[in-house]
Amino acid sequence: AWHGASDASIADFEQAMRLSPRDPFNYNAMMGLAVAHHNAGRHHEAAEWADKSLRAFPPAFLVGMTQGILCYVAAGRLEDAQRLMAECLCRVPGWRRSTFVAPQWFRSAKLRAELVEAFITAGLPE
């Protein structure tokens, strides 16, 4: 599978959260867990971690919202993905498929393509 480091990533994020359980930035580790579970094909767990992260993150955490869309679409939680896409479009009203470029911090071309498809599924306008 193209997501080979997922289990190691999960262990690293879990350890970080155990070492600093009250870290105000733990929403990053939670979203890291969400994406790592997504990459491992455990979409239900990915969506649950996205839920936790999105409850804890600051309102301007657009990166987390976009990763949440990816996890929700893969888990079949389309209403949640559409709700997040609507929130993203409120923050970035000019966001369109025609101008969207998948972020390079997703090093996998397959994952970047999956992200774009998730955004389209969630309602990213033409």
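The following questions and answers go through a predicted model of a protein.

Reader: What makes up the secondary structure of the protein?
Author: The protein has six helices and zero strands. Read from the N terminus, the order of elements is α-α-α-α-α-α.

Reader: Why is the protein called as compact as a globular protein of that length?
Author: Its radius of gyration is 14 Å, and the globule rule gives 14 Å for 126 residues. The two values are close, so the protein counts as compact by that rule. As for extent, the C-alpha trace spans about 45 × 35 × 25 Å along the principal axes.

Reader: How many of the contacts in the protein join residues 24 or more positions apart?
Author: Among contacts with a separation of 6 or more, such residues account for 59%.

Reader: What share of the residues is buried, and what does the accessible surface come to?
Author: Of the 126 residues, 41% are buried. The accessible surface is about 6,900 Å², and carbon and sulfur atoms hold 56% of that surface.

Reader: How many positive and negative side chains are there, and how far apart are the centres of the two sets?
Author: There are 13 positive and 13 negative side chains. The centres of these sets lie 4 Å apart.

Reader: Why is C71 called buried and C90 exposed?
Author: Buried means under 20% relative accessible area, and exposed means over 50%. C71 has 0% relative accessibility, so C71 counts as buried. C90 has 66%, so C90 counts as exposed.

Reader: How do you know that V73 is buried?
Author: The relative accessibility of V73 is 18%. The cut-off is under 20%, so V73 falls on the buried side.

Reader: Where does V73 lie, and which residues does V73 contact beyond its neighbours within four places in sequence?
Author: V73 belongs to helix α4, which covers residues 62–74. With those neighbours left aside, V73 is in contact with L78, A81, A118, T121 and A122. W49 is 24 residues from V73 along the chain, and their C-alpha atoms are 14 Å apart.

Reader: What makes S6 a buried residue?
Author: S6 has a relative accessible area of 4%. That is under the 20% cut-off, and therefore S6 is buried.

Reader: Which residues does S6 touch, not counting residues up to four places away in sequence?
Author: S6, in helix α1 (residues 6–19), touches A36, N39 and A40. A40 is 34 residues from S6 in sequence, with a C-alpha to C-alpha distance of 5.7 Å.

Reader: Why is S9 called partly exposed?
Author: Partly exposed covers the range between the buried limit of 20% and the exposed limit of 50%. S9 stands at 25% relative accessibility, so S9 counts as partly exposed. S9 also lies in helix α1. The C-alpha atoms of S9 and H37, which are 28 residues apart along the chain, are separated by 9.1 Å.

Note on methods
Residues numbered from 1 in each chain as written. Predicted model: local features only at pLDDT ≥ 70, side-chain atom pairs only at ≥ 80, totals over all residues. Heavy atoms only, no water. Helix = DSSP H or I, 4+ residues; strand = E, 2+ residues; numbered from the N terminus. Rg over C-alpha atoms; globule rule 2.2 N^0.38 Å. Buried < 20%, exposed > 50% of the residue type's maximum accessible area, 1.4 Å probe, protein only. Contact = heavy atoms within 4.5 Å. Areas by Shrake-Rupley, 256 points an atom, 1.4 Å probe, with all protein chains shown as cover. Lys, Arg positive; Asp, Glu negative; His and termini not counted. Charge placed at Lys NZ, Arg CZ, Asp CG, Glu CD.
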